[in-house]
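Please examine the sequence and the model shown below. A short report accompanies them.

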Amino acid sequence: ASAGALKQYPGNRKSLTILSLAFISPVKHLELLIDALSLINDFAVEWHHIGDGDEYAVHVKNYAREKLSYKRNISYFFHGTMNKAEITDFLRNQDIDMIVNTSFSEGLPVSLMEAMAFSIPAVAPRVGGIPEIIEHGKNGFLLSSSPSAGELSETLTAYWKSDTGAKNFLKMQAYKTWEDKFNAETNYRKFAEDILSL
């Protein structure tokens, strides 16, 4: 894993900037995120999605247009497929507040770890390996295993309304999670390989 970066929350933000990072397929359940965004009226949200898909992606983009295009406070961008270096650059250079995962089922989502390397807290349902990564209220927020759009929109709203200190705590803990769990593992593996090659 390339080195991450510990980032502070930039004060006086005009909008909540969220990222989803996945191949667009039914299991990723992006409609849930779109439905959640459609419920938010009292602040601005900028949503970025990285990853494409087949004809299902067309359905999701149409759904986003249908549900969100009339909402002046929501803007969204489908960036399509990016390679690993492009994703890393995006995570490093954009001020992303949170990474949001809405999967029905999940292994150990590497995308959440990659985002945490850049101090980005995560919001995701309690499925698969996600509870091993997210400590609720510490480095992000765990949703129920099949969350409603209301639950997700309330979680995003609560984050937005929290103070800068609380946001910085989440960012710091997200980075620490990556450093402790993910970076340590990679470093240990490299160390083991170096020893074996002596």
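## Basis

This is a predicted model, in which local features need pLDDT of at least 70, side-chain atom pairs count only at pLDDT 80 or more, and totals for chains, interfaces and linings use all residues. Residues are numbered from 1 along each chain as its sequence is written, and side-chain values use heavy atoms, with hydrogens and water left out.

Ser119 sits in the loop between helix H4 (110–116) and strand E5 (122–125); helices (H or I, at least four residues) and strands (E, at least two) are DSSP runs, numbered from the N terminus. Ser119 counts as buried because its relative accessibility is 0% (buried means under 20% relative accessible area, with a 1.4 Å probe and protein chains only).

The Ser119 side chain reaches the backbone oxygen of Ala5 at 2.9 Å, and a polar atom of that side chain lies 2.7 Å from the backbone nitrogen of Lys7. Leaving aside residues up to four places away in sequence, Ser119 touches Ala5, Leu6, Lys7, Lys171, Ala174 and Tyr175 (contact means heavy atoms within 4.5 Å).

## Strands E2 and E3

Strands E2 (residues 44–50) and E3 (residues 74–80) run parallel and are joined by 6 bridges; two strands pair if DSSP finds at least two bridges between them. Trp47 has Tyr76 in E3 as its bridge partner.

Methods. Buried means under 20% relative accessible area, exposed over 50%, partly exposed in between (1.4 Å probe, protein chains only). A polar contact is a pair of N or O atoms within 3.5 Å; within protein, one must be able to donate a hydrogen and the other to accept it, and residues adjacent in sequence count only if both atoms are side-chain atoms.
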